[in-house]
Amino acid sequence: MKNDKKGNQHRINEQIRVREVRIVGDDGSMVVPTRQALDMARQQGVDLVEISPNANPPVCRIIDYSKFLYQQKKRAKEMKAKQVKQEVKEIRFGPQTDDHDYNFKLKHAKEFLTEGNKVRAYVFFRGRSILFKEQGEVLLLRFANDLEEYGKVEQMPSLEGKKMFLYLAPKKAGVAKKSQQKMDREKREAEAKESGKPVKPEQKQQEVDVEMPANGGLFANIKGGEDILSKLNKQVAEDKS
């Protein structure tokens with residue numbers, strides 16, 4: 001049995017000065033005079049520990065207090081270790097980023113979101129490149145659309161000084177939800193495979209277009225969603241020409 005010490009997280013042994021207590025254990029619980037509970041703890045060579053002082057009567061356990069504190073600290077440490085530290089990862093674009101650089105940064109963004117981090121993507125306009133701010137907005141919207149399976153938009157593109165920012169947060173842990181566009185494409189490919197027919201060229205062409213999913217999607221429920229999609233498709237068409 002441990003000696004009484006000031007600063008304990010719980011009242012133990014002679015620090016418990018109520019008339020009776022409820023003893024709980026693996027075999028159930030019982031209400032006994034506090035003096036009897038102390039005698040029971042002494043006989044077992046452990047402590048009487050008050051774990052719920054506001055109950056009537058207070059709830060106690062007969063345990064080794066040092067071992068009890070160690071287990072509590074161990075559990076707290078394990079819970080802290082399981083907590084995912086969320087960071088904000090930055091990805092920088094220029095207003096005229098080429099496809100190779102874009103795909104490289106898109107890959108990193110997918111990794112960041114999958115790991116549970118947020119992504120702050122921005123386009124930096126240097127000097128007169130601010131004239132291409134609409135092109136920068138389209139770039140960020142395309143970026144958000146390509147990451148729809150991995151993250152959700154927290155803030156649509158907004159210009160702050162010479163930078164236009166887009167904020168993305170990871171989706172809940174689990175299997176990434178496929179977009180309607182991707183599911184439709186996979187369905188077409190599966191049907192073509194079963195029939196032994198190749199995928200038509202016009203079907204392949206649809207893969208690069210940005211479409212409004214039938215059941216909603218990134219731009220379905222936001223103000224001006226159709227205009228945004230129109231901008232994206234216009235930009236894709238210009239890139240092809």
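In which handedness of crossing does H3 pass H4? The structure examined here is a predicted model, in which local features need pLDDT of at least 70, side-chain atom pairs count only at pLDDT 80 or more, and totals for chains, interfaces and linings use all residues. Residues are numbered from 1 along each chain as its sequence is written, and side-chain values use heavy atoms, with hydrogens and water left out.

The crossing of H3 past H4 is right-handed, a term for the near helix being turned clockwise from the far one by less than a right angle. Helices here are DSSP runs of H or I with at least four residues, and strands are runs of E with at least two, each numbered from the N terminus. Helix H3 spans residues 99-114 and helix H4 residues 133-146; their axes lie 11 Å apart at an angle of about 45°. The axes are lines fitted to C-alpha atoms over the stretch in contact, and angles run from 0 to 180 degrees between N-to-C directions. H3 and H4 are therefore oblique to each other, the class left once angles under 35 degrees (roughly parallel), over 145 (roughly antiparallel) and 65 to 115 (roughly perpendicular) are set aside. In contact terms (heavy atoms within 4.5 Å), Asp 99, Tyr 102, Lys 105, Leu 106, Ala 109 and Lys 110 of H3 meet Leu 139, Arg 142, Phe 143 and Asp 146 of H4.

Attention now turns to the interior. Of the 241 residues of the protein, 33% count as buried, that is, under 20% relative accessible area with a 1.4 Å probe and protein chains only. A nonpolar core is a set of buried Ala, Val, Leu, Ile, Met, Phe, Trp, Tyr and Cys residues joined through side-chain atoms within 4.5 Å. The largest such core has 19 residues, and those touching the most other members are Ile 91, Phe 93, Val 119, Leu 140, Phe 143, Leu 147 and Leu 168. At least two residues of this core come from each of strand E5 (88-93), H3, strand E6 (118-124), H4 and strand E8 (163-170), with H3 giving the most, five residues. A second, separate core of 12 residues includes Ala 37, Leu 38, Cys 60 and Ile 62.

Two backbone details complete the picture. Most residues other than glycine have a negative phi, and most peptide bonds are trans. Asn 13, although not a glycine, has a positive phi of about 50°; Asn 13 is also buried, with a relative accessible area of 0%. A cis peptide bond, with omega about 0°, joins Asn 56 and Pro 57, and Pro 57 sits in the loop between strand E3 (47-52) and strand E4 (59-63).

Definitions and conventions. Buried means under 20% relative accessible area, exposed over 50%, partly exposed in between (1.4 Å probe, protein chains only).
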